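Here's a quick briefing to read alongside the model. Have the sequence and the 3D view open.

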Amino acid sequence: MSLDPQPLAPALEAAEAAGWTTVRLDLDGVRGKAELMRRCGGALRLPEWVGGNWDALADALRDLSWLPVPRGAGAGAGAGGGGDGDGGWLVAVTSWRGYAAARPGEWETLVEVLEEAVDFWRGRGPGGPELVVVLADADADADADAGSGPVAGAPPRTPRLKRRRG
């Protein structure tokens with residue numbers, strides 16, 4: 001794990017080359033829960049049965065059977081899993097600062113849902129697929145081209161959550 005800011009596009013390319021399934025969740029312009037849920041549904045290719053609420057999103061992130069199975073993922077990794085370990089899903093959340101500022105309570109809940117999903121996949125033991133979530137600045141790729149250093153892999157500036165969603 002690196003805490004140094006890294007360009008997002010090369011990180012995603014490297015993850016895909018290593019057999020990871022990558023998803024980019026762009027939150028640019030999101031200012032409310034309904035739009036957030038639509039973006040999550042589109043980016044994560046969530047089935048229609050996943051409702052627009054936090055619990056449904058949390059449940060969906062513990063399944064992921066509809067996303068392509070990471071190459072090399074262990075048995076039970078979604079539909080058709082059965083590789084020999086390593087791999088997983090990398091979700092890059094981009095342009096999140098505007099949403100976090102506009103809806104801090106919802107942002108905290110989203111972070112909590114994502115953290116729980118990461119913990120769930122990590123807790124399945126060695127050899128299985130992992131879920132990794134990174135936060136990236138809005139212009140990560142553009143900044144990389146300009147050489148100013150985007151922030152995929154940078155530590156989130158959101159405090160750790162202490163409350164539970166209702």
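This is a predicted model: local features need pLDDT of at least 70, side-chain atom pairs count only at pLDDT 80 or more; totals for chains, interfaces and linings use all residues.

Residues are numbered from 1 along each chain as its sequence is written, and side-chain values use heavy atoms, leaving out hydrogens and water.

**Helix α1**
- In α1 (residues 8-17), L8, L12 and A15 are the buried residues (buried is under 20% relative accessible area, exposed over 50%, partly exposed in between, with a 1.4 Å probe and protein chains only).
- These three cover an arc of only 60° around the axis, which puts them on the same side of α1 (the arc is taken from the directions from the helix axis to the C-beta atoms).
- E13 and A17 are exposed on the other side of α1.

**Helices α3 and α5**
- The axes of α3 (residues 54-61) and α5 (residues 104-122) come within 9 Å and cross at roughly 25°.
- α3 and α5 are therefore roughly parallel to each other (that is, an angle under 35 degrees).
- W54, L57, A58 and L61 in α3 meet E106, T109, L110, V113, L114, A117 and W121 in α5 (contact means heavy atoms within 4.5 Å).

- Most residues other than glycine have a negative phi.
- R45, not a glycine, has a positive phi of about 55°, and R45 counts as partly exposed at 44% relative accessibility.
- L64, also not a glycine, has a positive phi of about 60°, and L64 counts as buried at 1% relative accessibility.

Key
Helices (H or I, at least four residues) and strands (E, at least two) are DSSP runs, numbered from the N terminus. Axes are lines fitted to C-alpha atoms, for helices over the stretch in contact, and angles run from 0 to 180 degrees between N-to-C directions. Angles under 35 degrees count as roughly parallel, over 145 as roughly antiparallel, 65 to 115 as roughly perpendicular and the rest as oblique.
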